[in-house]
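I opened a new model today and kept notes as I went. These are my entries, in the order of looking.

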Amino acid sequence: MIRLGAIADAPAALAAAKPAPKELTVADVPATAGSARSAPHTMMEEAFRTLRSKLLLRAPSDVRTFLFASARPGEGKSTIAANLACSLAGVQKRVLLIDADLRRPAAHRLFQVSNTRGLTDVLRGTCAGADAWQLSGRGPFVLPCGPLPDDPQALFETGHFAKLMADARRQFDVVLVDSAPLLAVADTTLMVPHIDAAVFVVRYGGVTEGEAALALERLHGAGGKVVGCVLSQVAASDDGFHSYASDYVKSDARAASRRDPS
Ligand SMILES: Nc1ncnc2c1ncn2[C@@H]1O[C@H](COP(=O)(O)OP(=O)(O)OP(=O)(O)O)[C@@H](O)[C@H]1O
Ligand SMILES: [Mg+2]
């Protein structure tokens, strides 16, 4: 069993690596609320609801664009941004998820949308954002990466990213931007000045404290405002809180299944 940590103030407990037990997809957040579901499913949904409300409550109302950043690859940025986008769309927010990881893009796969046109075309100036983002079957709009470029960093230096973010701010309630790992490449820091706030994702046991601190330093150095940290991929056995939450959600799921036995 796994849990997405709620937004906390700083990365913590960077110990004992725990491999992810399975590939998560956006299917882990069901489209409709209120039906009877298994406890793990309900718990995952609950974790994203918590994240959603913390994000919306914690960020000032004029903060609408969020970067999902991490120190290293595989910490959970794409999975969390995609599922959070679904969760936000579920409360009638008009949401855009931008896949700005031009090296290991994931959104087109997670949402099963076409990747023939995307962010790389917008950054080249060959099409507008509105011509490249697509309404996914899961609720959010998705701007996939598009054809992979030879030099991703150069594309972020063109100035088109600033215009894209300005257009997206006008048209969406919330914009989530997935990114490449901060310690691996400079692409992410080039986007920071055009994004209101950053959410720092830390895989439990996946980075050292020094790596997390260096990545945060890069974010801050580029002018980023970090509104919170998501501790991801925490095993239930490592988390005392979880056993209480798990019991609570299980009894909730049992009550729902009694109400709706279908
Ligand atoms: N909370 C979670 N619990 C369990 N597994 C998770 C969780 N979040 C992500 N994973 C799994 O961890 C792996 C890496 O996740 P993901 O691709 O989202 O990371 P990433 O930070 O976007 O990586 P990259 O920097 O390489 O793009 C995937 O197999 C994903 O299914
Ligand atoms: Mg990713």
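**Strand 7 and its partners**

I began with strand pairing: strand 3 (residues 65-69) runs parallel to strand 7, and four bridges join the two. This is a predicted model, so I kept an eye on confidence throughout.

F68 sits opposite D178 of strand 7.

Next I checked for another partner. Strand 4 (residues 95-99) also pairs with strand 7 in the parallel sense, over five bridges. Here V95 stands opposite V174.

Which residues of strand 7 lie on each face? I found V174, L176 and D178 on one side, and V175 and V177 on the other. Both faces are covered, and these residues are all buried. In a regular strand, side chains alternate between the two faces of the sheet.

**D178**

I then stayed with D178, which belongs to strand 7 (residues 174-178). Is D178 buried or exposed? I counted 27 other C-beta atoms within 10 Å, so D178 is buried. The cut-off for buried is 20 or more.

I listed the contacts of D178, leaving aside neighbours within four places in sequence. Among them are F68, K77, S78 and A81. L97, I98, D99, A100 and D101 are also in contact with D178. A106 and A107 complete the list.

I took one distance. The C-alpha atoms of D178 and I98 are 6.2 Å apart, while 80 residues separate the two in sequence.

I checked the length of helix 2 (residues 77-89). Its 13 residues should span 18 Å at 1.5 Å a residue, and its end C-alpha atoms are 18 Å apart, so the two agree.

How many residues of helix 2 are buried? I got 13 of the 13, so helix 2 is largely enclosed by the rest of the structure.

I turned to the largest nonpolar core, which has 70 residues. F68, A85, V95, L96, L97, L176 and V177 touch the most other members. Helix 2 gives the largest share of this core, eight residues. In soluble globular proteins, nonpolar side chains tend to be buried together.

**Helix 9**

I ran the length check on helix 9 (residues 209-221) too. It has 13 residues and reaches 18 Å from first C-alpha to last, close to the 18 Å expected.

Which residues of helix 9 are buried? I noted A212, A215, L216 and L219. They cover an arc of only 100° around the axis, so they lie on the same side of helix 9. G210, E217 and G221 are exposed on the other side.

What do the buried residues of helix 9 pack against? I found strand 3, strand 8 (197-203) and strand 9 (226-232). Just after helix 9, G223 takes a positive phi of about 95°.

I noted Q112, a residue other than glycine with a positive phi near 50°. Q112 is in the loop between helix 3 (107-111) and helix 4 (119-124). It has 14 C-beta neighbours inside 10 Å, so it counts as partly exposed.

Q233 also has a positive phi, of about 60°, and is not a glycine. Its loop lies between strand 9 and strand 10 (234-235). Q233 has 25 other C-beta atoms within 10 Å and is therefore buried.

**R58**

I looked at R58, in helix 1 (residues 39-58). R58 is partly exposed, with 13 other C-beta atoms within 10 Å. R58 and V227 are 169 residues apart in sequence, yet their C-alpha atoms are 7.4 Å apart.

**The chain as a whole**

I stepped back to the totals. The chain has 10 helices and 10 strands. Of its 262 residues, 47% count as buried. Among contacts between residues at least 6 apart in sequence, 83% join residues at least 24 apart.

I closed with confidence. The mean pLDDT is 81, and 74% of residues reach 70 or more. Residues 1-24 fall below 50, and this stretch has 59 contacts in the model beyond near neighbours in sequence. Residues 28-37 stay under 50 as well, with 21 contacts beyond four places in sequence.

Methods
Residues are numbered from 1 along each chain as its sequence is written. Chains are lettered from A and ligands numbered from 1 in the order in which they are written. The expected span of a helix is 1.5 Å times one less than its number of residues. A residue is buried if 20 or more other C-beta atoms lie within 10 Å of its own, exposed if 12 or fewer, and partly exposed in between; C-beta atoms are placed from the backbone. Two residues are in contact if their C-beta atoms, placed from the backbone, lie within 7 Å. Two strands pair if DSSP finds at least two bridges between them. The arc is that of the directions from the helix axis to the C-beta atoms. A nonpolar core is a set of buried Ala, Val, Leu, Ile, Met, Phe, Trp, Tyr and Cys residues joined through C-beta atoms within 7 Å. pLDDT is the predictor's confidence in each residue, from 0 to 100.
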